[in-house]
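Have a look at the model first.

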Amino acid sequence: MAGTIASAIYQGLIRRNAVYLTSIFAGAFAFELAFDTGSNKVWDAINRGRQWKDIKHQYMVKEEEDDE
Amino acid sequence: MSLSSASSSLLRVCARQQLPTTSRAAVASCQQRRGVSEASKSSSFQSPFGSSEEYSSTLKIPNFSKYSSKKSPRSNQVFSYFMAGSLGLASAVGAKATVQDFLVNMSASADVLAQAKVEIGLAAIPEGKNVIIKWRGKPVFIRHRTADEIKEAEDFDWKGLRDPQPDQDRVQKAEWLVMLGVCTHLGCVPIGEAGDYGGWFCPCHGSHYDISGRIRKGPAPLNLEVPQYSFPDEDSLVIG
């Protein structure tokens with residue numbers, strides 16, 4: 001079973017260098033997206049309630065009232 | 001123990017013998033003596049590679065099966081390639097982030113970008129009036145030109161000017177003239193509605209600009225510069 005998976009990976013991705021390199025760069029792109037999104041989520045979770053986007057509604061509502 | 005002492009004494013003898021005799025003879029005698037001594041020695045030490053006395057044991061190969069992988073060669077190969085590819089992936093992401101950080105560092109910051117554009121309501125500017133606003137630290141002249149002034153600017157034979165430029169190249173809408181208020185001579189701020197041509201006059205060295213901001217008289221080499229601007233709707237103007 002492991003051997004078939006390994007040979008499938010080898011035949012599919014590694015055998016041709018162009019495919020190998022392309023998959024590395026595609027993986028880098030996907031990894032970067034996932035890493036950025038994930039680290040932003042972690043940051044927002046740690047700083048919940050302290051960022052401008054969390055408290056913005058309290059002030060923006062007041063401003064609208066002032067305008068009216 | 002016996003081997004080491006025997007070989008060291010042998011070496012000592014060889015070294016001594018090399019002095020009086022010729023070198024070739026000494027080496028030959030050393031080899032001869034060595035063969036004799038090795039044949040005569042009886043050691044309990046068992047070399048893993050066998051010894052020259054037993055011919056069959058020269059082919060004795062140590063058993064490395066303990067270290068060999070139980071997986072198939074292909075999966076080991078895939079593992080190696082995966083690790084190399086992961087390293088490539090990580091370095092690609094790192095290189096991209098590094099380059100991007102440098103480039104972002106070089107680009108304009110948010111406060112600069114916020115000042116880069118200025119929006120002006122045009123309804124407040126009556127016809128025939130100048131407005132001077134500050135944009136990127138420089139004055140900008142906005143003139144709401146009257147129909148007479150537009151006609152004067154357009155009908156003038158601009159081909160004979162120092163910096164020949166037709167009026168339609170300098171305005172987007174004929175009634176709105178937008179220019180940087182910096183004299184092209186030495187950078188003074190010209191005075192509006194002054195000078196011999198009804199446009200601008202630079203008090204520093206006496207440059208006269210006409211109602212289209214073109215240089216007509218005096219030391220300035222070029223017409224007043226026209227910044228990038230646009231009219232998002234009828235009543236507003238965005239410079240920048």
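Which residue in β10(B) is the bridge partner of B:Tyr229? That would be B:Ile239. Bear in mind that this is a predicted model, where local features need pLDDT of at least 70, side-chain atom pairs count only at pLDDT 80 or more, and totals for chains, interfaces and linings use all residues. Residues are numbered from 1 along each chain as its sequence is written, with chains lettered from A and ligands numbered from 1 in the order in which they are written.

Strand β9(B) is joined to β10 (residues 236-239) by three bridges, and the two run antiparallel. Both belong to an open three-stranded sheet of chain B, ordered β1-β10-β9 with antiparallel pairing (strands pair if DSSP finds at least two bridges between them). The edges go to β1 and β9, each with a single partner strand, so one side of each has no neighbour in the sheet. From one strand to the next, the twist averages 25 degrees (taken between N-to-C directions of axes fitted to C-alpha atoms, on a scale from 0 to 180 degrees).

| Edge strand (chain B) | Residues |
|---|---|
| β1 | 118-121 |
| β9 | 229-233 |

Zooming out, chain B has five helices and ten strands (DSSP runs: H or I of at least four residues for helices, E of at least two for strands, numbered from the N terminus).

And the neighbouring chain? The contact takes 14 residues from chain A and 13 residues from chain B (C-beta atoms, placed from the backbone, within 7 Å). On chain A's side, α1 (2-14) and α2 (17-46) each supply at least two residues.

Conventions:
Contact = placed C-beta atoms within 7 Å.
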